[in-house]
Each structure stands twice: as C-alpha cells, then as structure tokens.
Amino acid sequence: MDRLSQLPEALLLRIMSLLPAKDVVATMVLSKQWQLLWMLVPKLVYDDSYQDIEYGRFSRFVDRSLTLHEAPVLDTLHLKLGKTSCGSGDIRVWIKAVDKRCLRELIVEFDSNNSSVVLPVSLYTCCRMLVTLKLNNAVLVDVTSSFSFPSLKNLSLVSMKYPGDELIKTFLSSCPVLEDLVVKRCLDDNVTIFNVRVSSLKFLVLHNKGDPDSGFVIDTPSLECLDIFDNSGEFCVIENDMTKIVKADVCFDNANAQQLLGSISSVKRLYLCVPFSKDAYPVGSVFHCLVSLTLCTCETEWLNLLMCMLRDSPKLRALKLIQDHSFRSESRPCWNEPSAVPECLLTSLETLEWVKYEGKEEEKELAAFILRNGNCLKRVTISSKSTDLKEKYEILKELSLLSRRSPTCQIAFN
Amino acid sequence: MSEGNLAVMKPETMKSYIWLQTADGSIQQVEQEVAMFCPMICQEVIQKGVGSSKNHAISLPQRVNPAMFSLVLDYCRFHQMPGRSNKEQKTYDERFIRMDTKRLCELTSAADSLQLKPLVDLTSRALARIIEGKTPEEIREIFHLPDDLTEEEKLEPLKNTMDDPRIRLLNRLYAKKRKELKERERLKNVEVEEHVDERSVDDLLSFINSRDPKVVKKKKKKKKKIVSSNDIHDKESHDLHSKQQCVEETGSSMREVPNLPSAEDDISTPKASSEDEDDEIDPAMREMLDREVEDFAQRLNSTWVRSLGQERRPVHFSINGNGTTRRHTGQSP
C-alpha cells in the first residue's frame with residue numbers, strides 16, 4: 001500500500017525540500033501522482049560535485065529545472081559550485097530565471113579551488129524580496145545604479161573579494177532591516193577599511209584573517225551579539241557604544257582592541273583573548289552586567305587583564321580560564337597580589353573553571369587567591385594539561401591543601 | 001487500573017489525565033503533561049475545554065490510529081521531561097525512528113495531524129534520507145508506489161514539457177550558439193570524432209539515472225565527442241546534446257536541432273561571454289515568456305487533468321498583492 005503518496009502535499013513538499021535538486025527532479029518518474037509535484041518544491045539545492053558531473057550536463061540540468069519549476073514562490077535557491085566550470089554567465093542566467101519567483105533565500109558558494117567567479121550585477125537588482133543572502137568565495141562588482149534589499153535580514157559574506165571600500169558601504173546602507181551579518185575576510189580582498197554601519201544590526205560576526213593593513217569600523221548601536229576574530233588587522237574602531245549587547249567573543253591580536261571593551265561594557269557574557277597593556281585598558285569602565293567571563297590564557301599579560309576585569313565586574317558569577325592558543329611569548333606572567341580583593345570574589349563569584357591548568361607558579365598563586373577570598377564559591381573545576389599521572393597527583397595535592405573561604409566550595413579535578 | 005480509578009475519585013491529589021479517543025473508537029487516558037505536548041490536543045483542551053472525562057474525550061484526527069498514537073505518546077513522554085541533554089534527545093530520536101517505511105509514513109501523517117512539529121521534522125528527515133540517492137525503481141519498490149507511467153513517459157518525462165514554449169526557445173537559442181561555436185571550431189581545426197551511442201535518455205533523466213544501467217538501453221543514437229581545444233572546459237562522454245536530440249526526435253515533433261558538437265561547449269561559451277550577447281538573449285526571452293506563460297499554465301491544467309484522471313484536481317495559483325502565493329486546491333489535506 002502506497003502510504004507515502006497519501007501524505008498531504010505540504011508534507012511531501014517539505015520532505016522533498018530536504019533532498020538535493022537532482023533527487024527532487026527525479027521524482028517526476030515515480031508515478032503519475034508525482035509527475036508534477038517536483039515543480040512545487042520550495043527549496044532547490046544544486047550541487048555540482050555529484051559524481052564528477054561535467055559542466056554541460058550540470059548547467060543544462062539547472063537551466064531546465066529552473067525554467068520548468070512552477071511554484072510562484074521559490075523559498076530557497078542554493079547553488080554549490082566549484083567542481084565544474086560554472087561561471088558568472090551561468091549565475092546571471094539562473095538569477096534571471098528565478099526573478100519572478102519571490103526568492104527568499106539565495107545561497108551561492110564556490111569551493112575554495114575556484115575563487116574568482118564574478119557575481120553578476122543582476123544580483124543587486126533582481127530578487128528584491130530576499131530575506132537571506134549568503135555568498136562564499138566569489139567576487140562582487142561595483143554597480144552604478146542604486147539598489148536596495150528592503151527585506152534582507154541575514155547577510156553572509158565569506159571569503160569574498162570586493163571592488164573597494166565604497167561598495168560595502170553602499171551595500172550595507174541599502175539593507176534597512178538587516179539583523180544578522182557575517183563577514184569573514186580573506187587576503188587581498190581590496191578592502192582597507194571595512195565599514196559596518198547598520199543601525200538595525202543585532203548579530204555580528206567579523207573574522208579577519210587577511211590584510212595586516214586593514215581594519216574595521218563598527219557602528220551598530222542595536223547590537224546584541226558580537227563575535228570578532230582578528231589576528232592581523234591594524235585597527236578596530238567602534239563608533240557608538242553598544243548598549244544592548246548581551247554576548248561578545250573578542251579575539252584580537254592588537255592591543256588597541258581594548259578600546260572595544262569600553263564600548264561593550266553592558267555585556268553579560270564575554271570571551272576575551274586580547275593582549276593587555278595598561279594604557280589601552282579602558283580604565284573607568286564598569287561591567288555592570290557581566291555575569292560570565294571566559295579568558296584565554298595564551299597572552300603574557302593575561303593575569304593583569306584578569307585582575308582588571310575582576311575588579312571592574314562586580315556581579316561576575318562564572319569565571320573560566322582556558323588556553324585556546326599556544327603561548328605567545330617567552331616570559332611567563334608574574335603574579336602581583338592586588339591591593340584590594342575584587343568585589344565579585346567576595347559577593348558573587350560562584351564557579352571557576354580552569355582548562356589546561358599547568359601548575360605553574362603564577363597559576364598556583366591565582367588559584368590560591370581565588371580560593372582564599374571567594375566567599376560564595378560553589379564549584380571549582382580544574383583540568384590539568386599534563387597527562388602524567390604523577391604530575392597530576394602533585395597538582396591535586398597542592399590544590400586540595402589550599403584554604404577555602406567558602407564552606408560550600410567543592411573542587412573537581414580532572 | 002486502580003491508579004486510574006483513584007484519579008477519578010480524588011483529582012486533587014493524583015496527577016491529572018486527559019481522555020482521548022482514537023479513530024477506531026477506543027478511548028484511553030493519558031497523563032496530562034504528556035498529552036499536552038501535542039499542540040493539537042493542547043488547543044482542544046484550552047479552547048474547547050474537552051478531555052477532562054471519559055464522556056468528553058477529545059476525538060483525535062482520523063490519521064492517528066492507535067498503534068501510531070502509542071508511538072507518538074512514547075515520543076512525547078520522553079521529550080516533555082525537562083533536563084534532557086541534547087545528546088540524550090538525539091540518541092533517543094535516532095533509535096526511535098528505526099522502523100519500516102510503512103510505519104514511518106503513518107507516523108509522519110499522525111504527527112502532522114497532531115501538529116507535533118519536532119516529530120514531523122524527525123520523520124520527514126528520516127524519509128528524505130531514505131529517498132535520497134536512490135533510483136526511481138528503488139524508491140517505487142521501497143514505498144510500494146504504483147508503477148503507472150508508460151515506458152515512454154519514464155524515459156522521456158519531458159515529453160509534455162517539450163511543448164513548453166520556454167523550452168522551445170531555450171533549444172533555439174542553444175542551437176544558434178552551437179552553430180556559432182562550430183564556425184569558430186572550424187577555424188581552429190579541432191578534431192571531431194563520432195561515436196555510436198547505445199543509450200537514449202533525455203538529459204534530466206540521464207543525469208539522474210547515471211548510476212542505473214537498466215533504464216537506458218532502447219534506441220541507437222549518435223553521439224559526438226570533441227577533443228578539447230583551449231576554450232572547452234570538460235571532456236565529454238555522456239553527451240547532453242545527444243540526449244536532447246533523442247528527446248526531440250521521439251517526443252514532440254521538433255527537429256530543429258541539427259547534429260552539432262557537444263552541449264557543454266555551447267553552454268560554456270555563451271554564458272561566459274560578454275554582456276552584449278546576454279542582453280540579446282534576455283529581453284527576447286523575457287518577452288516570449290511573459291506572453292506564453294499564461295498559455296502554458298492553462299495547458300498544464302488541462303494536461304494534468306487528462307493524464308491523472310480524477311486523482312488530482314488542477315491547482316490554481318494566485319499571487320496576493322504582497323507577493324505571497326495562495327494555492328487553491330480541491331484536494332483535501
């Protein structure tokens with residue numbers, strides 16, 4: 001008994017939306033009932049890496065299926081290209097083919113071997129109902145006529161090359177309701193200053209693995225969630241504090257980045273991996289809302305940064321120390337007993353988690369300090385970096401001998 | 001069960017139950033928090049106030065038979081408990097959907113009518129995984145689909161659509177490009193070999209069925225192979241063009257396309273070419289499409305009705321002012 005075809009059409013279309021386009025179109029020969037169903041599937045994913053398909057056949061297939069596809073609303077068109085020689089001409093034709101379909105989501109990605117396909121100008125002018133646009137590893141061109149994406153909420157630009165700084169400004173200012181922006185830059189993308197000025201933006205991911213002479217300017221007053229990774233850039237300027245920020249992951253190579261800290265002082269959950277310098281630290285900022293802090297211990301001055309952060313975060317509840325990168329410099333950090341015990345230790349810090357603890361001198365001092373003064377500590381979890389059982393035993397012994405101020409504090413060792 | 005009786009007698013002290021009636025008439029009671037996990041049941045309880053006693057049991061939709069309902073309840077019972085980690089849930093889900101395809105379809109249907117979206121997603125994904133990558137024959141066998149297409153329809157599914165003016169236009173444009181390319185080729189002295197090809201499948205189907213040798217052998221057709229020159233990208237063995245030729249010869253009466261070099265060349269060159277050529281194509285294409293889409297839609301409806309009999313009534317689309325679509329269909333969901 002054929003139970004599959006009896007499922008309601010909406011359900012069948014949903015199941016077919018999970019299939020790659022070639023399987024979707026193949027359903028047309030299943031039975032009479034299925035002959036025309038494929039044309040209504042709202043999501044089409046074309047992948048040219050299927051079994052070494054050659055270019056002509058693949059591009060013909062996309063041409064025809066896009067032309068014959070009937071549904072007036074095509075929700076998603078996803079093109080995964082790169083294995084065949086599909087180029088800008090193809091993209092141009094395909095975008096035009098879906099022009100009247102109220103396309104909601106367009107994803108065009110090229111695999112990393114094929115990195116210089118120029119996206120056509122029709123990308124800006126067609127598909128005005130786009131809500132999501134994701135581009136990966138292609139080249140954007142300048143456009144002289146004005147354009148806008150009135151519904152665009154999610155934009156992702158990964159490893160793209162641009163004609164210059166201006167296009168980015170024009171592009172972003174043509175998206176009045178943009179909420180989610182992901183930018184991952186690559187080398188030689190022709191951008192010196194990447195301007196992100198979007199007043200509606202709530203989520204921002206900025207990764208810069210590219211040019212050392214370039215940087216970011218960020219003006220996003222409504223931002224709630226920030227993820228910045230920059231291991232080469234020259235600068236990062238924040239215009240306008242982000243008063244609505246909730247979560248931030250900041251991983252910088254550049255000491256000037258600490259100015260950024262001042263603009264995200266309302267953050268609740270923070271991950272930091274920045275080099276520390278006393279001059280660059282935003283003295284006077286208080287992280288009133290900070291509840292959870294994770295610090296990467298790969299920098300020389302991480303201890304000083306930590307003490308400043310502890311001092312300025314009166315409500316901190318959870319602290320995590322982790323070494324995400326190999327240690328940067330020769331000299332080890334040096335423990336300086338602070339003059340006053342940070343308020344959060346006395347009143348709010350509940351958990352300490354330490355990953356890749358090595359048992360070095362300054363680490364022991366810090367652990368002792370926290371345990372000695374942590375009034376509200378409930379749980380301390382320490383995972384050792386070494387795998388030598390004897391070493392681990394030594395560390396454990398030392399830790400358990402430290403005096404604890406909090407009567408409820410438990411130490412878990414790994 | 002004594003527990004059930006107690007529930008009736010002392011409702012304040014025992015946990016509450018909801019009474020539900022499946023399509024076969026049998027009535028059962030289910031713990032409230034488990035049953036309320038289904039939005040449809042939740043709605044009935046809140047909006048209509050039913051389900052509190054045996055006489056006022058909630059009637060479940062017809063697609064929910066007792067066996068499927070008990071599966072749905074198992075799912076709800078597991079997932080409504082707070083504190084389950086993502087990993088636990090995933091492991092449970094993976095084990096849960098291991099069943100034969102017949103039951104999987106029934107379960108999808110039941111979950112859909114109960115509006116239990118997480119279970120619908122889970123079962124839909126499982127069905128998609130089964131369908132993906134299989135040949136039409138395999139799919140028909142697994143799901144017991146009726147094999148009611150003629151051989152001709154299976155081999156040339158584009159037969160109806162070859163009448164499509166858009167496709168005709170596309171073919172004409174491809175033919176034009178191929179001619180141009182051939183002229184260019186001649187000037188470059190490229191070798192041309194001719195092979196005889198056993199296979200006759202249309203382009204879409206050959207792409208889809210490239211792993212299935214069974215569907216293929218019917219007629220002898222010609223196939224051309226071009227040794228690469230410097231602007232041809234890929235080497236060719238299954239010629240797209242020859243397939244198209246076959247379709248056109250056997251399908252409708254179009255024989256506009258002469259024997260010409262392989263398809264990918266004419267695609268790669270025109271599409272990679274300059275703005276000018278593309279501008280030449282697009283306005284013309286657009287104009288013709290606009291004029292003939294209406295005509296095609298009408299023909300589609302009538303073809304549909306003719307070929308499927310009473311199984312499916314024609315689906316009419318209308319687009320609302322804001323661009324969203326409203327589908328009027330005579331089918332019941």
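The accessible surface of chain A comes to about 16,100 Å², and 50% of that area belongs to carbon and sulfur atoms (areas from the Shrake-Rupley method with a 1.4 Å probe; for residues, only the protein chains shown count as cover). The model is predicted, so that local features need pLDDT of at least 70 and side-chain atom pairs count only at pLDDT 80 or more, while totals for chains, interfaces and linings use all residues. Residues are numbered from 1 along each chain as its sequence is written, chains are lettered from A and ligands numbered from 1 in the order in which they are written, and side-chain values use heavy atoms, with hydrogens and water left out.

Along its principal axes, the C-alpha trace of chain A spans about 80 × 60 × 35 Å. Chain A has 414 residues, of which 57% are buried (under 20% relative accessible area, with exposed over 50% and partly exposed in between; 1.4 Å probe, protein chains only). Its secondary structure comprises 11 helices and 18 strands (DSSP runs numbered from the N terminus: helices are H or I with at least four residues, strands are E with at least two). Of the contacts in chain A between residues at least 6 apart in sequence, 56% join residues at least 24 apart (contact: heavy atoms within 4.5 Å).

UniProt, in an unreviewed entry, places the feature "domain: F-box" at residues 1-53 of chain A (positions are given in the numbering used here, feature names are shortened, and annotations may be inferred rather than shown by experiment). Over residues 1-53, chain A is 26% helix and 9% strand, and the end C-alpha atoms lie 36 Å apart.

Chain A also contains an open sheet of 3 strands in the order β7-β9-β11, with parallel pairing (two strands pair if DSSP finds at least two bridges between them). Its edge strands, each pairing on one side only, are β7 (193-197) and β11 (235-238) of chain A. Neighbouring strands of this sheet are turned by 10 degrees against each other on average, direction ignored (axes are lines fitted to C-alpha atoms, for helices over the stretch in contact; angles run from 0 to 180 degrees between N-to-C directions). β7(A) is joined to the parallel strand β9 (residues 215-219) of chain A by 5 bridges. A:V196 has A:I218 in β9(A) as its bridge partner.

Chain B has 14 helices and 7 strands. Of its 333 residues, 44% count as buried. Chain B exposes about 18,100 Å², with carbon and sulfur atoms supplying 50%.

An open sheet in chain B consists of 3 strands in the order β2-β1-β3, with mixed pairing. Here β2 (27-31) and β3 of chain B are the edge strands, each pairing on one side only. β1(B) and β3(B) are parallel and share 2 bridges; B:L20 stands opposite B:I58 in β3(B). Helix α4(B) lies across β1 and β2 of chain B and runs at about 10 degrees to β2(B).

Helix α3 (residues 39-48) of chain B has the buried residues B:M40, B:I41, B:E44 and B:V45. These residues are on the same side of α3(B) because they cover an arc of only 135 degrees around the axis (taken from the directions from the helix axis to the C-beta atoms). Their cover includes β1 (17-21), α2 (32-35), β3 (58-59), α4 (66-79) and α6 (101-113) of chain B. The exposed residues B:I46 and B:Q47 are carried on the face of α3(B) turned away from its buried side. After α3(B) comes B:G49, with a positive phi near 70 degrees.
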